[in-house]
Amino acid sequence: MAAPTSRKFLGRLSLPERTFVIDALRTETVGGVILLVAAIVALILANTPLSGVYGDIRDFSFGPEALHLRLSVASWATDGLLTIFFFVAGIELKRELVAGELRDPKAAALPVIAAVCGMAVPALVYVIVSASAGGSLKGWAVPTATDIAFALAVLAVIGTALPAALRAFLLTLAVVDDLGAILIIAIFFTQHINVIPLILSVAALALFWLLHRKGVRTAWIYVPLAVVIWALMHASGVHATIAGVAMGLMLRCTVREGEERSPAERVEHRVRPVSAGVAVPLFALFAAGVPLSGGAVADVFTRPETLGVVLGLVVGKAVGVFGGSWCAARFTRAELNEDLAWADVFAVAALAGIGFTVSLLIDELAFSGDPTLAEEVKAAVLIGSLTAALFAGILLKLRNTKYQRLCQEEERDEDMDGIPDVYELDSPAYHLRMAAIHEAKAAEHRRLAEVAAANDSGDDGPA
């Protein structure tokens, strides 16, 4: 009986998948840098004499009272702008399930197990730390999230290259994390439900799906309908961001005859820059502004809830993602890509401890009845994410020379046909093109050799 064929863990991506990952993460990287700047601005505003003005702006309320939409600026950022973020997350999830890494259950098993462990272990760390000191268990979900935009911003700032397989692994982790966050918000943070608005929201979602299925492409129809769906979802008591996820999941991700791109890809191409460059940074601007005096920072490491968040992000994420990856690879007999080492997996696992955006959102939901503790947990999220970023940055920097070499090999295109050479090694046409290129170079070198020989002969003649 033949031995079972082992599968590759973090193996080379297909060319279409590699192209998608690179394009998607390029936008997220730019957005992540803007997010980082927004967070720094928020901290400066909250810790300078401008803190009063910052607080007044954040707490200023506007909107129609009759529709229960008179919200503060901070609430509009949380419930409104983050809906755009979760809309993109829904599209990403749908695409991964239909055409991406998650479409094949066997291939998806490893990153999914890693992501699930990367959520479960931080939650367990928080519960153990908080319960052992008599703290509140409400924040167990805060350290479970991964903020890929912030993680990519860290890579951009420290100048670290990352091979496509590791970038895809990080993206898949973030997508599964987003799914987990969606389920957590929907299940654990829906305190009451107003049935009529919820039914109307579902009916509007059905209309959204029907119009999309019929091929309607007019933004002037979808945008007002999306606002109605969001407002009804908000009125129902279910967190409004769920509306964004639901609409994202309804978009078709497959390409039909006559189409260059699927509707989901077209919409994502337009909306992702708005999410990464506007919505999420504005949320950070009004969510990350917490006082960070010496006493407040010290309290982060002494209060059980805040210490649980920090250890969950820094220790729980690294142990969970790495442990889940290693165990899944061992039990499924998957072999790690020979170009990488388990140290690389651990570095990415540590990078996943940057849980900025969704962690701040869950913090606001978990401790909505205790604003003081909510602010302290925000500080813990910032400190935990920063610590994870520094730790992962050091680990990745140690391997950066190898990463740069791998990235150069992945991008090399000596025949200049627009396709990386590593994807054409089995193509006879590629080798014929390369042979022609080398023959042309050889002919040029022979000509130069003849010229050099003639010059040498001239130099040896009589003066």
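**Pockets, a cavity and a helix pair**

The largest pocket holds about 960 Å³ of space, where a pocket is an open set of points on a 1 Å grid over the protein atoms alone, with protein on both sides within 12 Å along at least five of seven lines, and a volume is the space filled by probe spheres set on points joined across faces, edges and corners. The model is predicted, and local features need pLDDT of at least 70, side-chain atom pairs count only at pLDDT 80 or more, while totals for chains, interfaces and linings use all residues. Residues are numbered from 1 along each chain as its sequence is written, and side-chain values use heavy atoms, with hydrogens and water left out.

Lining this largest pocket are 31 residues, among which Phe87, Tyr222, Val223, Val267 and Val271 lie nearest its centre; a lining residue has an atom within 4 Å of a point. Two or more residues of the lining come from each of the helices H3 (73–98), H7 (195–213), H8 (219–236), H9 (241–250) and H10 (263–287), helices being DSSP runs of H or I with at least four residues and strands runs of E with at least two, numbered from the N terminus. By class, the lining comprises 18 nonpolar, six polar and seven charged residues, with Ala, Val, Leu, Ile, Met, Phe, Trp, Tyr, Cys and Pro counted as nonpolar, Asp, Glu, Lys and Arg as charged, and the others, Gly among them, as polar.

The second largest pocket has about 800 Å³ of space, and of its 28 lining residues Ser75, Asp79, Glu364, Leu365 and Ser368 are the closest to its centre. Helix H2 (51–59), strand E3 (71–72), H3, H8, helix H14 (356–366) and H15 each give two or more residues to this lining, which divides into 11 nonpolar, 11 polar and six charged residues.

A search of the whole structure also finds one cavity of 30 Å³ or more, a cavity being a set of points where a 1.4 Å probe fits but cannot get out. The largest cavity has a volume of about 150 Å³, and Glu28, Phe85, Glu92, Ile148 and Asp178 are the closest to its centre of the 15 residues that line it. H3 gives the most to this lining, with four residues.

Elsewhere, helix H12 (residues 304–332) packs against helix H15 (residues 371–398) at an angle of about 25°, with their axes 8 Å apart, the axes being lines fitted to C-alpha atoms over the stretch in contact and the angles running from 0 to 180 degrees between N-to-C directions.
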